[in-house]
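Hi there,

As promised, I'm handing over the structure for you to look through.

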Amino acid sequence: MTAATVTATPPTRTVRVLRRLGEWAPALVVFVLVVGLWEGLIRALNVPQFMLPKPSTIVSVFWTQRHSLWPAGWYTFREALGGFAIGSGLGIVAATVVSRFRTAGKALMPVFIAANAVPIVAFAPIFGAWFNPITMQSKMAIAGVLCFLPVMVNTLRGLQSAKPRQIELMRSYAAGELEIWRRVRVPTALPFVFTSLKVASVLAMIGAIVGEFFGGSLDALGVLIFTDAGVFQFDAAWAGILVASLLGTALYGAVVGTERIVLRWSPETRGS
Amino acid sequence: MSVGSPDRSVSETRPDVVRVAGVTKTFPRGNVTALQEIDLELAPGEFVSLIGPSGCGKSTLLRVIGDLVEPTAGSIAVNGKSARQAREDGDYGIVFQEAVLFDWRTVAKNIGLPLEMLGWDRARRRKRIEEMLALVELSGFADHHPWQLSGGMQQRVAIARALAFEPALLLMDEPFGALDEMTRERLNLELLSIWEQTANTVVFVTHSISEAVFLSTRVVVMSPRPGRIAGHVEIDLPTPRTAETRDTPRFFELVTQVRNLLRGQGEHLLPEEEALG
Amino acid sequence: MVTQVAAAGPLARSSLRLPVAAWTRRVGSVVLVLVALVGLWELYHWVWTMTGWTWPFIVNDTSMPHVWTIFQAFGQPAQVNQPPLITVLLHKTAFTAKEAAAGFGIGALIGFSLGVVLVHSRLLQRGFLPYIVGSQTVPILAIAPMVVVWVNPRLPGPLQGWGAVAVIATYLTFFPVTINTLRGLQSVEPRALELMRTYGASRRAVLWKLRVPSSLPYLFSALRLSATASVVGAIIGELPSGLQDGLGGAIFNFNQYYSIEPQELWATNVIAALLGIAFFVIVVLAEKAIVRRAPENVA
């Protein structure tokens, strides 16, 4: 990645924006190519529509059925968002609490890591039994639990990874624990937190939909997708999947955007 | 003007190992002229130190010789070939300031890396690795990993690796810069004793005047902005050099000469004038 | 940095050779944790039944069966004239484990290859990474039935059924491996790259002698995640396919009977949890055996 010319003056705003857009060009090209290929192959090979519909069909259904699809998507999105917020929030709080007790934290870390290895989805039906499956709460609970563990483990790891030299420096300024927290531990932990939030954002939406598989309100997107698939209306099902994917990406994008702002100083978020 | 031990006397009929002519290097970013019209010849068996303040281009010059940096103008010949050809033929070994050992390889395997690249078979590699370990006196550490060694030991491994395939030329970029003074002095002695056995030509970049004078047959003083050669000082200290050599008056005189060149105060002694005393 | 290490013995290969005392301490702490968890469970149960609190959910013997009941359920047959639950579950575990292992292996291979391909071209990275990331936002559970219906007929006989689920497990596995392989391959220090240049090394040599070994800590960090993801993928894949032979099928079935026999679903979940942890532990052990690094440099 070499600069084509070395400008003597810093690039103007327009140049910077254009350069940013230019970075997306290859992705756009790939998108166009893939969609074109997909559409073309299906038309050419006359693939039965019920299995893998043409992109054009999916998009048209996406639009024509928007009155049922979009609200359903919003419903499920709220479940995912709620679960994401609660789960991640609790995860951060839990990690903060555990990190106060230095030895306990280090000793329990393997436990948390092992807990992270448990396939939470197996517990989805139980959440359905605990909370009335028709309500949002049951799905929020699943999404929340899915988010809680990775966020907690990574936040804890981040809080524990402050460089000893920096702590020494703060002590030489006679800084109290709270100050050290604010000025060293938290900024060091932030990149870890955001990495886990990115993971959690994707898991939240998926968790909500998995939960809906075991039963849920008719207003929910997951239920809609499974019902459509059940009666072989695959183009509607795919349109629903498109909605779910877009919403999940939106949540992910929101986290990435927040990260860019909060972590402006970090070399990894700058100029990537 | 004799240098080193008798069997290494410089003969005018032997071709230069390194010939740098009119080499200039400018970095577009910041408009820095790192090197300007550098002319330098190294005869076989010489131990040449490049010394100068920051920004004088000594490391850049080393890298130009090693074809790690392309000059903006001028020519380089290493072993009679272009710098690129010399690099691809494995005509030189390099030692950096950091040991740059591979953590996932044992000491022995690290030394064997260039030999693997050259396609040597296992038996031949093993034999050479043993020889190299003996050369740098680390024979018991073949199966250790880099992080189990001290900084000085790691550098010895790096030196062993650089010499493993018996290159004609050895390039060293402040190899002992990150070590403490005691270790540094000890490694200087070791390097000289190794050099006596391998008889390469050495280009040695350093910040330390005493190190340069102690090790070299010739010290090339460079000055910055733009980077150029300020002068040469032939080092006629007797060999083999020992720790006591540092205490001799001649040593002190040479150090002063180098220092004066660095300060830019007159005394740009040309080799002929030097010999006349 | 360690200085006078002449006295240090050869590299301690891994904690596989820890002395007995350390091993018993580890096992002991695991047991302690389990006991604590069981204690917390029963405590919660007791407190909530005593006080009659209904938040976050109503506590009774159906929603939170006693640990002992769950334990007992392993020994009893789930249905009349059937072998004990534990035997049935172990068979199903083996089935699911097969799917997960296949998914893990293939997913890791695909992820690694993708990483190797992408590291050589910034252009390819910019073109494809957004979609690789985006692929994970697609709710795999929703696609699973279609994947199964489409893939199954195209598989050779003995692979049918579980093979399609393995595909789904692959889907969930490859992503972290791709991302981390890419990061790991790019993480070499510039001096090491310079060193390889002095050897006139080809791109291939640089890849295999420098980049790949250098990327192993990152790779294993991803493999730890993928271990769990492959088990999740296997279970999720079984659900809509109606496959009876695996844990996913068991979960689905026992879910229907939850109000009557809650402990069976719980028992299945415990086994599923153990499967996930087992996969994870295997990867961790493999990492200890394969990755040789300074202790503080492991990702």
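Before anything else, keep in mind that this is a predicted model. I'll start with one helix in chain A, then go through the chains.

Helix α4 of chain A covers residues 102-116, which is 15 residues. From its first C-alpha to its last it reaches 20 Å, close to the 21 Å expected at 1.5 Å a residue. Have a look at Leu108(A), though: α4(A) bends there by about 40 degrees. A proline, Pro110(A), follows within four residues of that bend.

Which residues of α4(A) are buried? They are Gly105(A), Met109(A) and Phe112(A). An α-helix has 3.6 residues a turn, so residues three or four places apart point the same way.

Now the whole of chain A. It has 10 helices and 0 strands, so if you go through it from the N terminus you read α-α-α-α-α-α-α-α-α-α. Its C-alpha atoms fill a box of roughly 75 × 65 × 30 Å along the principal axes. Of the 272 residues in chain A, 44% are buried. Taking the contacts in chain A with a separation of 6 or more, 73% are between residues 24 or more positions apart. The accessible surface of chain A is about 14,400 Å², and 70% of that belongs to carbon and sulfur atoms. On the charge side, chain A carries 23 positive and 12 negative side chains, with the centres of the two sets 11 Å apart.

Chain C can be described in the same terms. There are 10 helices and 0 strands in it, and the order from the N terminus is α-α-α-α-α-α-α-α-α-α. The C-alpha trace of chain C spans about 75 × 55 × 40 Å along its principal axes. Buried residues account for 48% of its 299 residues. Among contacts in chain C with a separation of 6 or more, 72% link residues 24 or more positions apart. Chain C exposes about 14,900 Å², with 69% supplied by carbon and sulfur atoms. It has 20 positive and 11 negative charges, and their mean positions are 20 Å apart.

Why is α9(C) described as largely enclosed by the rest of the structure? Because 7 of its 10 residues are buried. Those are Leu247(C), Gly248(C), Gly249(C), Ala250(C), Ile251(C), Phe254(C) and Asn255(C). They pack against α3 (85-119), α8 (203-241) and α10 (262-290) of chain C, together with α5 (124-130) of chain A.

Val20(B) sits in strand β1, residues 18-27. It is buried, with a relative accessible area of 0%. Leaving aside residues up to four places away in sequence, Val20(B) touches Ile38(B), Asp39(B), Leu40(B), Glu41(B), Leu61(B), Ile65(B), Ser75(B) and Ile76(B). Take Ile65(B) from that list: Val20(B) and Ile65(B) are 45 residues apart in sequence, while their C-alpha atoms are 7.9 Å apart in space.

Chain B also has some backbone details to look at. Here are two cis peptide bonds:

- Arg225(B) to Pro226(B) is cis, with omega near -5 degrees. Pro226(B) is in the loop between β9 (218-223) and β10 (228-234).
- Thr239(B) and Pro240(B) are joined by a cis bond too, and omega is about -5 degrees. Pro240(B) belongs to the loop between β10 and α8 (249-263).

- Glu174(B) has phi near 45 degrees. Its place is the loop between β7 (169-173) and α6 (181-198). At 12% relative accessibility, Glu174(B) counts as buried, because the cut-off is under 20%.
- Ala199(B) has phi of about 55 degrees. You'll find Ala199(B) in the loop between α6 and β8 (201-206). Is it buried or partly exposed? At 41% relative accessibility, Ala199(B) counts as partly exposed.

Definitions and conventions. Residues numbered from 1 in each chain as written. Chains lettered and ligands numbered in written order. Predicted model: local features only at pLDDT ≥ 70, side-chain atom pairs only at ≥ 80, totals over all residues. Heavy atoms only, no water. Helix = DSSP H or I, 4+ residues; strand = E, 2+ residues; numbered from the N terminus. Expected span 1.5 Å × (residues − 1). Bend = angle between axes of the 7 residues up to and from the residue. Buried < 20%, exposed > 50% of the residue type's maximum accessible area, 1.4 Å probe, protein only. Contact = heavy atoms within 4.5 Å. Areas by Shrake-Rupley, 256 points an atom, 1.4 Å probe, with all protein chains shown as cover. Lys, Arg positive; Asp, Glu negative; His and termini not counted. Charge placed at Lys NZ, Arg CZ, Asp CG, Glu CD.
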